[in-house]
Amino acid sequence: AFDVDEEPAAVQDAYGRNPFGQGCLLARRLVERGVPFVEVTLSSVDGTNGLGWDTHAQNFDADEKLSGVLDAGWATLLTDLRSRGLLESTLIVWMGEFGRTPKINESAGRDHFPNAWSTVLAGGGIRGGQMIGDSGADGEQIKDRPVLVPDLLATVIKGLGIDPAKQNTVENGRPIRLVDLKANPIKELL
């Protein structure tokens with residue numbers, strides 16, 4: 001599975017001849033072989049500050065370079081999984097740990113902004129082609145249909161075919177919930 005050189009050159013080119021693109025190709029190969037969880041990280045590309053999406057300075061240049069790498073790998077992975085009949089049984093989650101300020105700082109960057117951010121879910125039974133929530137024209141606050149982190153996690157867990165209300169018990173008898181008991185999967189997506 002790890003020998004992506006077995007793939008035709010055109011396939012490798014379509015994913016992108018970079019660590020992220022080849023990581024997406026490897027992810028497809030692992031999914032084909034039944035690996036249940038795969039993570040591909042896009043943390044840096046040539047010509048950026050090495051901080052990936054953490055664009056406190058020169059946001060526009062960095063995002064353009066990162067998006068150019070992201071687009072080819074992400075789009076080809078989705079297309080490839082769909083054509084192989086694997087997208088419906090594979091949940092793809094594209095996200096960071098928080099958002100970026102809607103206002104540009106003095107270094108032409110965007111700082112940390114935990115009030116709102118974007119996450120993309122695809123495949124795995126997700127009803128796609130829709131946007132849930134709206135941070136308004138200025139992006140300063142949630143204007144419509146807020147989604148809390150526990151609700152997002154409950155949606156991901158349900159998309160994996162696991163009951164979000166499930167509770168595990170560790171060896172010492174302590175109960176561990178998968179998500180907060182009050183979490184609700186995003187009904188519009190499932």
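Is Asp80 buried or exposed, and what is its relative accessible area? In this predicted model, Asp80 is buried. Its relative accessible area is 10%, and the limit for a buried residue is under 20%.

Asp80 is found in helix H3. Leaving aside neighbours within four places in sequence, Asp80 is in contact with Tyr15 and Arg28. Polar contacts between side chains join Asp80 to both residues. The contact with Tyr15 spans 2.7 Å. The contact with Arg28 spans 2.8 Å.

Two packed helices are described by the angle between their axes and the distance between the axes. Helix H2 covers residues 19–32, and helix H3 covers residues 59–83. Their axes come within 8 Å. They cross at roughly 15 degrees. Angles under 35 degrees count as roughly parallel, and H2 and H3 are therefore roughly parallel to each other. The crossing of H2 past H3 is right-handed.

Residues from both helices build this contact. By type, the residues of the contact divide into 8 nonpolar, 2 polar and 2 charged.

Note on methods. Residues are numbered from 1 along each chain as its sequence is written. This is a predicted model: local features need pLDDT of at least 70, side-chain atom pairs count only at pLDDT 80 or more; totals for chains, interfaces and linings use all residues. Side-chain values use heavy atoms; hydrogens and water are left out. Axes are lines fitted to C-alpha atoms, for helices over the stretch in contact, and angles run from 0 to 180 degrees between N-to-C directions. Helices (H or I, at least four residues) and strands (E, at least two) are DSSP runs, numbered from the N terminus. Angles under 35 degrees count as roughly parallel, over 145 as roughly antiparallel, 65 to 115 as roughly perpendicular and the rest as oblique. A crossing is left-handed if the near helix is turned anticlockwise from the far one by less than a right angle, and right-handed if clockwise. Ala, Val, Leu, Ile, Met, Phe, Trp, Tyr, Cys and Pro count as nonpolar, Asp, Glu, Lys and Arg as charged, and the others, Gly among them, as polar. Buried means under 20% relative accessible area, exposed over 50%, partly exposed in between (1.4 Å probe, protein chains only). A polar contact is a pair of N or O atoms within 3.5 Å; within protein, one must be able to donate a hydrogen and the other to accept it, and residues adjacent in sequence count only if both atoms are side-chain atoms. Contact means heavy atoms within 4.5 Å.
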